[in-house]
Amino acid sequence: MVKHLWYFLEKSKMKKLYAIVPARAGSKRVKNKNIIKIKKLMLIDYTINYLLKINKVDKIIISTDIKKIINKYKKKKKILVIQRPKKISGDKSKSSDLVKHVLQVLKKKKLIHLNISFYLNPHHH
């Protein structure tokens, strides 16, 4: 999947591309999986570092309810951290609700001029 995404991004002529990275607390299978350290980096760091290398990605949007992630990334230039509300942070929360919330925040911040966005789980690549 990542190879196909990379090819698509390199060939596209889009104006703006935002990547949405979900990182909620409370995973039942692996506790605190997004902030587990692997070789000195949190799991989410690998996803963010990968996205930072893709020139076509204009903004990385992290939707999270984890303070450690908020504090680490809130002042980074290419990254927008959105505090995820409790109502969309549960086990039964849908990805579509997350994306809807992100788009509402982008519209409010007048950053809604994107052509395409994609959703990349830190633990699915």
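Tutor: What follows is an account of strand 4 and the parts around it.

This is a predicted model, in which local features need pLDDT of at least 70 and side-chain atom pairs count only at pLDDT 80 or more, while totals for chains, interfaces and linings use all residues. Residues are numbered from 1 along each chain as its sequence is written, and side-chain values use heavy atoms, with hydrogens and water left out.

Strand 4 covers residues 59–64. Helices (H or I, at least four residues) and strands (E, at least two) are DSSP runs numbered from the N terminus. Six of the six residues in strand 4 are buried, where buried means under 20% relative accessible area, exposed over 50%, and partly exposed in between, with a 1.4 Å probe and protein chains only. In a regular strand the side chains alternate between the two faces of the sheet. In strand 4, K59, I61 and S63 lie on one side and I60, I62 and T64 on the other, and all are buried.

Strand 4 has strand 1 (residues 17–23) as a parallel partner, joined to it by six bridges. Two strands count as paired if DSSP finds at least two bridges between them. Within this pairing, Y18 stands opposite K59, and P22 has S63 as its bridge partner. Strand 1 is mostly covered too, with seven of its seven residues buried. L17, A19, V21 and A23 point one way from strand 1, and Y18, I20 and P22 point the other way.

Strand 4 also pairs with strand 5 (residues 79–83), again in the parallel sense, over five bridges. Here the bridge partner of I61 is L80. Together with helix 3 (residues 67–73), strands 4 and 5 make a right-handed β-α-β unit. Right-handed means that, with the strands pointing away from the viewer, the path from the first strand over the helix to the second runs clockwise.

The next topic is the packing of side chains. In soluble globular proteins, nonpolar side chains tend to be buried together. The largest nonpolar core here has 18 residues, and among those touching the most other members are I60 and I62 of strand 4, along with I44, I48, I69, Y73 and I79. A nonpolar core is a set of buried Ala, Val, Leu, Ile, Met, Phe, Trp, Tyr and Cys residues joined through side-chain atoms within 4.5 Å. Two or more residues of this core come from each of strand 1, helix 2 (43–52), strand 4, helix 3 and strand 5. Strand 1 gives the largest share, four residues.

Helix 3 and helix 2 are also linked by charge: K72 and D45 meet in a salt bridge, 2.9 Å from N to O. A salt bridge is a side-chain nitrogen of Lys or Arg within 4 Å of a carboxyl oxygen of Asp or Glu. K72 in helix 3 and D45 in helix 2 are 27 residues apart. K72 is partly exposed because its relative accessible area is 37%, whereas D45 counts as buried at 2%.

The count of salt bridges comes to two. D91 forms one with R24, the closest N and O atoms being 2.9 Å apart. D91 lies in the loop between strand 5 and helix 4 (95–108) and R24 in the loop between strand 1 and strand 2, so the pair ties together parts 67 residues apart in sequence. D91 is partly exposed at 39% relative accessible area, and R24 is partly exposed at 23%.
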